[in-house]
Amino acid sequence: MFAVRPCARVDPVQYRPMTRPPRRAPLGARAVDGGAARGAAADPLLRVEDVRKAFGGITAVDGATFGVRRGTITGLIGPNGAGKTTLFNLITGFVAPDGGRVVFRGEDITGRRPHQVFRTGLCRTFQIPREFKQLSVLENLMVVPSDQLGERLWTPWLRPRAVRAEESAIRTRALEVLDFLKLGHVAQDDAASLSGGQKKLLELARVLMGDLDMLLLDEPGAGVNPSLMNELASAIERLVAERAVTVLLIEHDMDLVMSICDPIVVMSQGRTLAEGSPDEVRRDPRVLEAYLGARAGKSGA
Ligand code: ATP
């Protein structure tokens, strides 16, 4: 059984304080429908409103609507093909929606490019880690901050001390992030030599180099062994408790979801089917039906 350790027991991390003060999103500019309105009702940091996307004849997302409250770890679950990853792609600008709106901190970010979304403080990880294999773990983190002084043509000659100071600050932060995720001992190893689970943590570490308000995690638990899974769950909880990050998490590992997520949003066939606490979702017959239906469809195919 998946065990989650209380947040208070973990080591404090000396993170750089957030440069942006927490912002309050205006409430309920537009109503969202049905039961999915619950998460949008109280201070939604992110609102997904009637978002749609079709690929040729396949409707991947079909009017998905829900809100993510600030300070929560919200789970996004559903059977294979329910549209979860496509929805992440739509929220973070990797795919343009056919319709609907994505509102982050009260600002309409629908259709923005991924780097523009990233700059708003809304960051994501991918199902398949995208590390630079030829770089060390530490270097993988140090290349994340964009527009570094040392990357400019003349600055290393004209302002060498400023370049060194910036590099040193980035290195310090990268080491803090690695410590936070208990990856400090592999800082100098090649990223290619990490286990599958460690690569997942590295993916998370790279995102933490940014200045983020909200994190979208796409199956962080896939391929992660049980002991690393504990580290991962603990790290996600500490991010929320210590850094005021809000998390939306796609995951098939129900132990992980039921332990750390509340509320849980359930998607089926491109739609948001239900939303509630782990207990409510567990007891909801529509959820069971969606999973069994998807399985029956697969075995009958
Ligand atoms: P899983 O849990 O298996 O990752 P999911 O809930 O994330 O599934 P998606 O990957 O979003 O589901 O896929 C939703 C539907 O859209 C599926 O039928 C999928 O085949 C289809 N789809 C997703 N991306 C594309 C694409 N680029 N081109 C065509 N069809 C796509």
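Buried means 20 or more other C-beta atoms within 10 Å of a residue's own; exposed means 12 or fewer; partly exposed lies in between; C-beta atoms are placed from the backbone. In a regular strand the side chains alternate between the two faces of the sheet. Strand β9 covers residues 264–268, and five of its five residues are buried.

This is a predicted model: local features need pLDDT of at least 70, side-chain atom pairs count only at pLDDT 80 or more, and totals for chains, interfaces and linings use all residues. Residues are numbered from 1 along each chain as its sequence is written.

**Overall make-up**

The protein has eleven helices and ten strands. Helices (H or I, at least four residues) and strands (E, at least two) are DSSP runs, numbered from the N terminus. Of the 301 residues, 40% are buried. Among contacts with a separation of 6 or more, 69% join residues 24 or more positions apart. A contact here is a pair of residues whose C-beta atoms, placed from the backbone, lie within 7 Å.

**The six-stranded sheet**

Strand β9 belongs to an open sheet of six strands, ordered β6-β7-β8-β3-β9-β10, with mixed pairing. The edge strands β6 (122–124) and β10 (271–276) each pair on one side only. Neighbouring strands in this sheet are turned by 20° against each other on average, direction ignored. Angles run from 0 to 180 degrees between N-to-C directions, and axes are lines fitted to C-alpha atoms, for helices over the stretch in contact.

Two strands pair if DSSP finds at least two bridges between them.

| Strand pair | Sense and bridges | Facing residues |
|---|---|---|
| β6 and β7 | parallel, three bridges | Leu 122 and Met 214 |
| β9 and β10 | antiparallel, five bridges | Met 267 and Thr 272 |

The hairpin of β9 and β10 has two residues between the strands, and Gln 269 takes a positive phi near 50° there. Helix α8 (residues 226–243) lies across β3 (73–77), β7 and β8 (246–250), and runs at about 150° to β8.

**The four-stranded sheet**

A second topic is the open sheet of four strands, with the order β2-β1-β4-β5 and antiparallel pairing. Here β2 and β5 (107–108) stand at the edges with a single partner strand each, so one side of each has no neighbour in the sheet. Five bridges join β1 (residues 44–55) to β4 (residues 99–104) in the antiparallel sense. Val 48 has Val 102 of β4 as its bridge partner.

**The ligand shell**

Phe 55, Ile 58, Ala 60, Gly 78, Asn 80, Gly 81, Ala 82, Gly 83, Lys 84, Thr 85 and Thr 86 are the residues around the ligand. Each has its C-beta atom, placed from the backbone, within 6 Å of the molecule. Four are nonpolar, six polar and one charged. In this count, Ala, Val, Leu, Ile, Met, Phe, Trp, Tyr, Cys and Pro are nonpolar, Asp, Glu, Lys and Arg are charged, and the others, Gly among them, are polar. Both β2 (58–69) and α2 (84–91) supply at least two shell residues. Helix α2 gives the most, with three.

**The nonpolar core**

The largest nonpolar core has 71 residues, and Leu 178, Leu 181, Ala 205, Leu 215, Val 247 and Val 266 touch the most other members. Such a core is a set of buried Ala, Val, Leu, Ile, Met, Phe, Trp, Tyr and Cys residues joined through C-beta atoms within 7 Å. Leaving out residues up to four places away in sequence, Ala 205 touches Leu 141, Val 177, Leu 178, Leu 181 and Leu 183.

**Loops and backbone**

Thr 72 lies in the loop between β2 and β3. Thr 72 counts as partly exposed because it has 19 C-beta neighbours inside 10 Å. Beyond four places in sequence, Thr 72 touches Thr 246, Asp 262 and Pro 263. Thr 72 and Ala 241 are 169 residues apart in sequence and 9.5 Å apart in space, C-alpha to C-alpha.

The peptide bond from Asp 262 to Pro 263 is cis, with omega near 10°. Pro 263 sits in the loop between α9 (254–260) and β9.

Arg 105, in the loop between β4 and β5, has a positive phi near 50°. Arg 105 is buried, with 21 other C-beta atoms within 10 Å. Lys 182, in the loop between α6 (160–180) and α7 (196–208), has a positive phi near 60°. Lys 182 is partly exposed, with 17 C-beta neighbours inside 10 Å.

Terms used. Two residues are in contact if their C-beta atoms, placed from the backbone, lie within 7 Å.
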